[in-house]
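Here's a quick briefing to read alongside the model. Have the sequence and the 3D view open as you go.

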Amino acid sequence: MANITKKVSWSSRGDDSALTGEGTPLLNGTEIPKPSRQLSGSGSVFRIGRFSTVDLEDDITSEEDPIRGRPKEIPHNEKLLSLKYESLDYDNIENQLFLEEERRMSHMGFRCLEISRWVICGLIGILTGLIACFIDIMVEKLAGYKYQVIKENIEKFTEVGGLSISLILWAVLNCAFVLVGGIMVAFFEPIAAGSGIPQIKCYLNGVKIPRVVRLKTLVVKVFGVICSVAGGLAVGKEGPMIHSGAVVAAGVSQGRSTSLKRDFKMFEYFRRDTEKRDFVSAGAAAGVSAAFGAPVGGVLFSLEEGASFWNQMLTWRIFFASMISTFTLNFFLSIYHGKPGDLSNPGLINFGRFESDSVAYYYYEIPLFMCMGALGGLLGALFNSLNYWLTIFRIRYVHRPCLQVIEALLVAAVTAAVSFTMIYFSNDCQPLGPEHNEEYPLQLFCADGEYNSMATAFFNTPERSVRSLFHNQPGSYNPLTLGLFTLTYFFLACWTYGLAVSAGVFIPSLLIGAAWGRLCGILLASFTPTSPIWADPGKYALIGAAAQLGGIVRMTLSLTVIMVEATGNVTYGLPIMLVLMIAKIVGDYFEEGLYDIHIKLQSVPFLHWEAPATSHWLTAREVMSSPVTCFNRIEKVGTIVDVLSNTSTNHNGFPVVVQVLDSDEPAKLCGLILRSQLIVLLKHKVFVELARSRLSQRKLQLKDFRDAYPRFPPIQSIHVSQDERECMMDLTEFMNPTPYTVPQDTSLPRVFKLFRALGLRHLVVADDVNRVIGLVTRKDLARYHLGKHGLEELQLAQT
């Protein structure tokens with residue numbers, strides 16, 4: 001498994017951000033192996049300082065570098081953490097430069113900044129809505145053209161024979177669209193694959209995913225999802241809108257494009273991770289709002305992923321961006337449909353109106369809904385488990401771009417073949433009356449005035465298929481049709497998710513659940529033919545859709561509101577909430593959520609909201625990294641260059657210590673400075689000797705750090721002469737003089753809460769006299785969140 005760390009990454013392209021890890025060379029967060037380590041027992045456990053960890057692969061040291069004692073290749077395991085991801089700085093660095101700038105700013109200056117934030121959120125909403133409008137129109141045009149051509153071809157050859165030509169045409173058209181989308185993703189921007197929701201979850205969690213908010217990623221994502229949906233894959237276009245909105249927010253809020261190398265000299269104050277994170281949250285919410293017409297659901301989606309940094313004004317700005325997004329989409333779609341001012345299309349998917357009178361539910365149906373929630377949890381766990389093993393297979397064998405495109409083409413062809421076969425052999429013919437509004441009704445072998453009911457589900461875009469399952473009249477489908485469709489589409493969607501194409505899983509999940517949910521409604525109606533309670537299976541299609549989606553993605557609060565807003569009827573709030581909760585509880589018992597599985601497979605140091613339940617036996621002393629590389633407050637330039645150039649560590653944070661003159665006491669903590677700050681200082685040659693010799697030297701300002709953000713130059717690009725190496729650098733003005741610290745006996749849950757709630761990147765561990773004894777980073781905490789049985793394994797190893 002050569003170069004496995006490259007295979008498992010979301011983006012297979014090199015990135016300068018990946019060059020700077022967070023100080024834990026091995027993927028499982030341990031220190032670099034040293035010859036002094038002693039194996040215990042058979043070698044399955046090795047001791048590192050005060051704690052033990054499980055050696056997940058016995059042959060992990062079989063190819064060690066004899067010079068550094070570091071493995072050249074580390075086999076892939078979901079319990080390992082990748083070095084290519086580093087943390088974001090969600091804690092403001094309150095150094096002297098920052099405080100001086102804040103103190104100089106007047107009250108009017110702060111008011112202008114607040115107005116700028118609202119303006120940016122408005123721009124985010126407008127641009128996200130326009131992108132959603134463009135995607136919707138393009139998909140409708142391309143898919144409409146494709147299905148119209150295939151429909152005419154099928155009608156032609158149904159009479160004269162030779163329907164195999166129609167099958168080939170269907171497969172070729174599917175493959176043509178998917179080929180374009182697959183090449184764009186696999187060869188130009190691999191990070192644009194999938195829905196992008198796991199990556200945005202990681203970003204809001206505090207992990208920097210390389211290239212996730214680049215302009216190139218947005219372009220590939222938009223055109224890729226158009227090709228995927230038009231290509232007939234079992235995907236949706238709604239999920240990628242969340243990623244698209246986040247990219248728009250990250251670009252607009254910075255007032256420049258690093259990809260295009262254009263700086264508009266706007267919004268320079270917001271060029272830092274803290275502010276950028278807030279706007280990315282607004283962009284993700286705007287994406288949800290544009291996708292589902294659910295502005296409140298979009299706000300709650302961002303809240304679930306980043307609640308630690310929320311405040312009232314930020315909440316209002318995010319809600320504002322969401323409302324602007326859905327209004328923009330609504331307004332321009334009304335113009336496109338020739339009905340200016342008709343704001344009846346709030347999102348990319350329109351579930352249609354569920355009128356309370358026609359689909360009312362009764363209290364004694366709630367237990368049935370809860371049983372459907374449990375079934376959705378079981379099916380969701382099965383879906384996630386199958387997709388997990390399929391992803392493992394892709395990681396090991398389908399890692400080259402050309403193979404990824406070939407697999408996407410294979411899935412497109414198989415999807416067309418399966419769809420055609422199911423339609424061909426189906427004898428479910430329904431009368432085509434005025435109340436039926438099928439977009440592309442296929443008669444095939446049905447009598448005149450009838451259409452093939454199976455074609456309504458397969459021969460259509462997934463969004464229209466969901467709407468037909470929700471609102472078609474009772475009797476529009478027979479149970480066999482729904483059962484076969486659920487079975488085949490379940491496996492097609494499972495195979496499709498994870499391909500090297502831009503695609504979402506929301507709509508396929510809704511479509512699967514709506515199919516088996518409507519089937520449940522039909523079966524219930526058959527048991528009580530004289531009772532009107534089960535008359536309309538549309539409500540069971542809705543409950544089944546919610547159960548299936550909740551069983552796959554395991555979202556509760558935001559998904560409840562999204563479903564209620566999308567249906568336009570708050571009456572279903574209680575049953576949808578109960579169904580989603582039960583689906584999550586049942587599904588979590590067997591398997592994790594789909595997004596969590598893919599985050600773990602990419603070895604991302606993702607932090608959950610709470611520390612593991614059985615982690616009180618651990619303290620900061622056990623989880624911290626030590627020894628810690630520290631700098632003196634006035635440090636030699638050569639020492640700083642050597643430390644930053646040391647590729648075996650690649651630390652990003654360095655405690656700053658001060659030694660009391662004429663004293664034998666050890667150095668004590670006085671601040672913390674980041675690698676990015678030191679690189680900017682070296683680039684501008686902020687040395688003590690130069691400052692003394694050139695009185696007119698310009699004083700470094702925060703603008704210099706913001707101009708370098710976010711792509712700070714690597715240390716290898718900074719030239720320091722031999723004479724400059726002997727100079728001294730005063731870090732007092734640039735370090736954070738008040739870093740967060742904890743005693744070494746602090747429990748892991750408390751450390752976890754501090755780290756997660758404050759959005760920290762580094763947490764210094766100090767003793768009673770304020771000496772630095774360790775440093776806690778994201779990877780140190782993430783390695784103890786190993787999943788269902790990870791801590792039990794770790795405890796067993798330690799005993």
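A contact here means heavy atoms within 4.5 Å. Going by that, among contacts in the protein between residues at least 6 apart in sequence, 77% join residues at least 24 apart. Keep in mind that this is a predicted model, where local features need pLDDT of at least 70, side-chain atom pairs count only at pLDDT 80 or more, and totals for chains, interfaces and linings use all residues. Residues are numbered from 1 along each chain as its sequence is written, and side-chain values use heavy atoms, with hydrogens and water left out.

**Overall picture**

- The protein has 29 helices and 17 strands, taken as DSSP runs numbered from the N terminus (helices: H or I, at least four residues; strands: E, at least two).
- Of its 799 residues, 58% count as buried, meaning under 20% relative accessible area, with exposed being over 50% and partly exposed in between (1.4 Å probe, protein chains only).

**Aromatic pairs**

- There are 26 aromatic pairs in the structure.
- Phe420 and Tyr424 make a stacked pair, because their ring centres are 6.1 Å apart and their planes are at 20°. (Rings of Phe, Tyr and Trp, the last by its six-membered ring, pair if their centres lie within 6.5 Å; planes under 30 degrees apart are stacked, over 60 edge-to-face, the rest tilted.)
- These two sit four residues apart in helix α12 (residues 401-425), so about one helical turn separates Phe420 from Tyr424.
- Phe420 is buried at 10% relative accessibility, while Tyr424 is partly exposed at 33%.
- Tyr709 and Phe712 pair edge-to-face, at 6.3 Å centre to centre with 70° between the planes; Tyr709 is buried at 7% and Phe712 is partly exposed at 22%.
- Ring pairs also link Tyr147, Trp170, Phe420, Tyr424, Phe425 and Phe459 into a cluster.

**Charges over rings**

- The charged end of Arg277 sits over the ring of Tyr90, 4.4 Å from its centre (the test: NZ of Lys or CZ of Arg within 6 Å of the ring centre and within 35 degrees of the ring normal).
- Arg756 lies over the face of Trp609, 3.8 Å from the ring centre.

- Strand β16 (residues 762-766) runs antiparallel to β17, with five bridges joining them; strands pair if DSSP finds at least two bridges between them.
- Val764 has Leu775 in β17 as its bridge partner.
- Five residues lie between the two strands of the hairpin, and Asn770 in the turn has a positive phi of about 70°.
- Five of the six residues of β17 (residues 772-777) are buried, so the rest of the structure largely encloses this strand.
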